[in-house]
Amino acid sequence: MAGTMEATRDQPNTTEQIDVTAYFSDLRKGFRRYFVLILALASLAASLCYGMAARSYEPRYTSSATVIIGLQSAVNYNDAYTQYYTQTATRQITLTFPYIAASAALKNVIVSELGQEAAGAQITAESLEDLGMITVYVTADDPLLAYNVLGAVLEHYPDVAASVIGETELTIVTPAQIPSAPDNPGRLIAAARNVALKKTVRTEADFTKYLSLKSLGGFPHVRTGRGGPGRLRLDGSRVPYAYREAARTLRARLERDHAETGARVYMISSTLAGEGKSTIAANLSLSLAEKGFRVLLIDMDLRRSSILDAMGLPPAEKGVAELMDGRASVGDIAVTDPNSGVRILPGGSGGRRAIQLLSGERPGILLESARAEADFILVDTPPSGLMSDAANIVRSVDAGIFVIRQDYAPVDRIREGVGLLADTGLRIAGCVLNDMESGVLAGRYGYGYGYGRYGRYGYGRASRRGADDDDGGGEALRRARERARAE
């Protein structure tokens, strides 16, 4: 036993010790040698995972609008009964609205107008009983489809509901917007898909690229805070210098167009609601008045009158709708802005009667008579891509200005809107790019506001060609940059 133990004690230890440093060194060398292969395999795996997820991912977008719906017959009752009747009718409308909105009758109308793809949209409604309002939701697999179906629901609901609950009157409190993100975001998948498939106007160069139209300028994005876009007045104390210069450039190019063509009556339109055409119209009128021109601003967007709000003025009881209806005169509805002297004809309450009120000879008679009262007449019209109202006005104007919000409406819809106006024979003076964000494609000029790629058609061209172009645009750009550096 002792001999055995002695032999064991003398046997050498064959257990290998791991050199950790050498191990990681070899691992690093191997990684370097096969880096391209590893990267290719990782990319392939990621692509397969993305493809599988993308195939199973179905984005859903929801567009909503809040409305007040009442029975027109309620006004025939005495005051004591009217309140009770209205409350009862509102409850009945609230209860029946989802059924009528989802009924085969309304769906058939929507499908016939928008196509078979609209049949898959989901329509729901939520009652805000304390406020007497109804919020309507439309969910679809495409954001523009959801928006269009919602517009069709609000447009045709009163006609379909007439046989069920009587004649109704619909007032839009919160208008619909194109949803910017899906309700069930797939994070990277949804973001990549939206970026890859969405073709919109992002720079002023896109006007020529997609529309074969010239640029009249661009307005930077402005953080309006609590005041909202309705308080973005050119002469406001908090409006940035960049925005004032953008309005000045647009005014200079409008003056040039007037000098070359003799045009004095300009209609201002857009493809969709929410692109800021009313704000542009209001501020262009202020800029023209600032230079001493007599300006008349007419709100002919009778479905969604917003010029007084854009000018920061209180609402009016009567407007163009009552004028076209023969219930008011120009003197009854005219409003004068106390700060600038701009005369305004507000829209009034046109609602569903907008097409009837704007058709015929009355808009033309109004505009022709107004030519003797103003140097420039700006007409805020409905979005051309949503309804036919704007086409009824073009016969009486000299030229059109098309407002396009950056990265908002799809290019195909913009082409349709521009084409609708062009088919009537209207000369489109040019486009205005609105709400331009600073970022990868934009320079930054202080205040948190950006011009986008402004040098292509805006101040950059003026700076190269001299002070004679665009009423001194090159000098304006230099001052804007100096002020931005100081800030």
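Modeller: Contact here means heavy atoms within 4.5 Å. This is a predicted model: local features need pLDDT of at least 70, side-chain atom pairs count only at pLDDT 80 or more, and totals for chains, interfaces and linings use all residues. Residues are numbered from 1 along each chain as its sequence is written, and side-chain values use heavy atoms, with hydrogens and water left out.

Biologist: What does Val-149 touch?

Modeller: Leaving out residues up to four places away in sequence, Val-149 touches Ile-110, Leu-114, Ala-118, Ala-121, Ile-123 and Val-138.

Biologist: Which residues of the largest nonpolar core touch the most other members?

Modeller: Val-136, Val-149, Met-300, Leu-367, Ile-377 and Val-379, out of 75 residues. A nonpolar core is a set of buried Ala, Val, Leu, Ile, Met, Phe, Trp, Tyr and Cys residues joined through side-chain atoms within 4.5 Å. Buried means under 20% relative accessible area (1.4 Å probe, protein chains only).

Biologist: Which helix gives the largest share of this core?

Modeller: Helix α6 (residues 143-165), with 12 residues. Helices are DSSP runs (H or I, at least four residues), numbered from the N terminus. Another core, of 37 residues, lies apart from that one and includes Tyr-266 and Leu-286.

Biologist: New topic. How do α9 and α10 cross?

Modeller: The axes of α9 (residues 241-261) and α10 (residues 277-290) come within 9 Å and cross at roughly 75°. Axes are lines fitted to C-alpha atoms over the stretch in contact, and angles run from 0 to 180 degrees between N-to-C directions. That makes α9 roughly perpendicular to α10 (65 to 115 degrees).

Technical notes. Helix = DSSP H or I, 4+ residues; strand = E, 2+ residues; numbered from the N terminus. Parallel < 35°, antiparallel > 145°, perpendicular 65-115°, else oblique. Buried < 20%, exposed > 50% of the residue type's maximum accessible area, 1.4 Å probe, protein only.
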